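Keep the viewer open while reading.

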Amino acid sequence: MSKYILAIDQGTTSTRCIVFDHSGTIITADQKEHQQFFPRPGWVEHDPLEIWAKTLEVIGNALRKADLSAADIAAIGITNQRETTLVWNRSTGKPYHPAIVWQDMRTDVYCNLLAADGGQDRLRDKTGLPLATYFSGPKIRWLLDNVPGLRADAENGEAVFGNIDTWLIWNLTGGPRGGVHITDVSNASRTQLMNLQSLQWDEEILALMDIPRKMLPKISASSKVYGYAVQPLEGVPVAGDLGDQQAAIFGQTCFEPGEAKNTYGTGCFMLMNTGTSPVPSKSGLLTTLGYKIGDQKAVYCLEGSIAMAGALVQWLRDNFKMIDKSAEIEFLARSVDDNGGMYFVPAFSGLFAPYWRSDARGVIVGMTRFINRGHLARAALEATAYQTREVLDAMETDSGVQLKSLKVDGGMVANDLLMQFQADILNVPVVRPIITETTALGAAYAAGLAVGFWKDFDELRKNWKQDRNWQPAMQAKQRDLLYAGWKKAVLRTLNWVE
């Protein structure tokens with residue numbers, strides 16, 4: 001019997017391949033960054049062919065490091081940056097245009113036009129989402145309107161759409177030579193084209209956005225054998241597919257309603273399991289699909305999405321050369337006792353949850369001659385914690401559930417200063433598992449369940465083990481004062497773009 005599950009974690013800035021054993025322990029891994037392209041202000045693009053090449057590279061490297069072959073792998077799970085949109089030719093496998101990344105804001109005018117009739121929430125009842133540049137549907141429409149020849153090819157079935165999960169599965173299973181064109185409910189729910197109740201593409205929304213049905217992938221469960229890989233994993237079932245944040249809540253074993261996690265990556269994403277019925281949000285959150293395991297009922301989540309978290313640290317590293325490595329931000333932030341009265345609101349792509357304001361732009365407020373690099377570093381870290389507090393407040397309002405602790409994962413959870421401040425500003429314990437690569441682990445779990453590598457949720461729960469927790473230690477008066485300053489800073493970001 002094959003001993004391992006291989007997960008491909010295709011993120012906003014890099015691609016990872018991680019191989020797990022039955023206990024959820026990492027056996028081998030490899031990671032490669034890919035380029036970020038910014039052709040105009042507010043535009044963000046990726047090269048799909050580069051992403052596919054990096055995917056093949058990390059698979060090969062990970063297998064070589066542990067002397068593994070396809071025979072050792074029981075199944076492959078995919079997890080991916082969500083909403084990032086690409087279209088390619090079914091016969092050649094060549095993209096028509098660079099992938100439009102989830103952070104990209106070029107569809108702002110189109111979203112505003114749609115919102116002019118019925119408001120920003122006109123599609124919320126069906127999709128759980130506000131009209132925003134974040135989601136795939138408007139990006140597909142932009143491509144159809146702006147890429148010569150694309151609409152004709154889409155209408156005759158030659159041009160096909162996918163988020164990154166669909167692109168990877170199609171290529172893994174043969175590409176132009178029989179590749180499977182498929183997505184799962186979690187990724188489909190982020191297009192703004194899927195009906196939350198039927199779990200199918202909504203014909204009325206497709207007509208509204210003028211998107212041909214023929215170009216869309218089939219919607220499937222998150223845990224199911226979709227097809228079989230070609231080289232370098234010849235014959236291995238491709239059996240798991242989850243958007244990255246849904247994969248993280250699955251990897252954190254948040255299987256019961258009311259359980260929640262927060263992932264600190266490029267952006268920051270808090271999800272709460274709400275069970276087998278969608279919970280409409282009245283507080284600016286997203287109602288989204290969590291996962292669907294085989295023939296079981298789909299599980300829904302409330303989500304709070306924050307555009308800039310780790311990306312803000314990268315921005316200080318790359319644009320301002322304040323640090324050489326992202327991990328150095330903690331050392332710099334510890335060089336001062338507090339933020340010096342300064343706040344950094346990173347609304348670079350507008351404000352996501354709970355505001356959904358595309359007219360906002362980033363601000364640094366409270367600057368004085370006293371401020372130095374350390375204060376800037378600390379304010380950048382604190383921004384992630386404050387944004388998380390705003391999302392948690394909204395989540396508790398919508399769900400009626402008061403969170404007792406917060407499970408955390410993602411690259412930034414290695415930052416002890418941030419985690420302690422997060423516990424302080426939330427006033428709940430923050431808990432980090434031993435395996436923080438829960439996004440890849442969730443994809444592995446979905447694939448493993450589909451092929452019987454794990455038999456049920458109880459087996460997965462036994463794998464979850466705590467590494468560390470941070471207890472809140474801040475006085476209520478100080479917490480309230482700091483948070484009030486943040487809320488005031490957020491107001492300064494609004495109405496910047498006319």
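Two strands count as paired if DSSP finds at least two bridges between them. With that cut-off, strand E19 (residues 406–409) and strand E20 (residues 430–433) are paired, because 2 bridges join them. They run parallel. The model is a predicted one.

**The seven-stranded sheet**

E19 and E20 belong to an open sheet of 7 strands. Its order is E15-E16-E14-E13-E19-E20-E21, and the pairing is mixed. Strand E15 (286–291) and strand E21 (466–470) form the edges; each has a single partner strand, so one side of each lacks a neighbour in the sheet. From one strand to the next, the twist averages 30 degrees.

On its other flank, E19 pairs with E13 in the parallel sense, over 3 bridges. Here Asn262 has Val408 of E19 as its bridge partner. In a regular strand, side chains alternate between the two faces of the sheet. Are the two faces of E19 covered or open? Both are covered. Leu406 and Val408 are buried on one side, Lys407 and Asp409 on the other.

Helix H9 (244–251) lies across E13, strand E14 (268–275), E15, strand E16 (299–306) and E19. It runs at about 60 degrees to E14.

**The six-stranded sheet**

A second open sheet has 6 strands in the order E3-E2-E1-E5-E12-E11. Its pairing is also mixed. Strand E3 (26–33) and strand E11 (223–228) are the edge strands, each pairing on one side only. Neighbouring strands are turned by 25 degrees against each other on average, direction ignored.

Strand E1 (residues 4–10) pairs with strand E2 (residues 14–20) in the antiparallel sense, over 6 bridges. Ile8 stands opposite Cys17 in E2. Helix H1 (residues 48–65) lies across E1, E2, E3 and strand E5 (73–80), at about 150 degrees to E3.

The strand pairs described above compare as follows.

| Pair | Sense | Bridges | Residues facing each other |
|---|---|---|---|
| E1 and E2 | antiparallel | 6 bridges | Ile8 and Cys17 |
| E13 and E19 | parallel | 3 bridges | Asn262 and Val408 |

Which residues of helix H2 (residues 108–115) are buried? They are Asp108, Tyr110, Cys111 and Leu114. These span an arc of only 165 degrees around the axis, so they sit on the same side of H2. Val109 and Leu113, on the other side, are exposed. The cover over the buried residues includes helix H4 (136–146) and helix H8 (203–209).

Helix H10 (residues 310–318) is largely enclosed by the rest of the structure, because 7 of its 9 residues are buried. Those are Gly310, Ala311, Leu312, Val313, Gln314, Leu316 and Arg317. Among the elements that cover them are helix H11 (328–333), strand E17 (343–345) and helix H12 (373–399).

**The largest pocket**

The largest pocket has a volume of about 1,100 Å³. It is lined by 42 residues, of which Tyr264, Gly265, Thr266, Gly411 and Met412 are the closest to its centre. H10 gives the largest share of the lining, 5 residues. Elements that each supply at least two lining residues include E2, E3, H9, strand E13 (260–264), H11 and helix H14 (438–451).

Definitions and conventions. Residues are numbered from 1 along each chain as its sequence is written. This is a predicted model: local features need pLDDT of at least 70, side-chain atom pairs count only at pLDDT 80 or more; totals for chains, interfaces and linings use all residues. Side-chain values use heavy atoms; hydrogens and water are left out. Buried means under 20% relative accessible area, exposed over 50%, partly exposed in between (1.4 Å probe, protein chains only). Helices (H or I, at least four residues) and strands (E, at least two) are DSSP runs, numbered from the N terminus. Contact means heavy atoms within 4.5 Å. Axes are lines fitted to C-alpha atoms, for helices over the stretch in contact, and angles run from 0 to 180 degrees between N-to-C directions. The arc is that of the directions from the helix axis to the C-beta atoms. On a 1 Å grid over the protein atoms alone, a cavity is a set of points where a 1.4 Å probe fits but cannot get out, and a pocket is an open set with protein on both sides within 12 Å along at least five of seven lines; lining residues have an atom within 4 Å of a point. Grid points are joined across faces, edges and corners, and a volume is the space filled by probe spheres set on the points.
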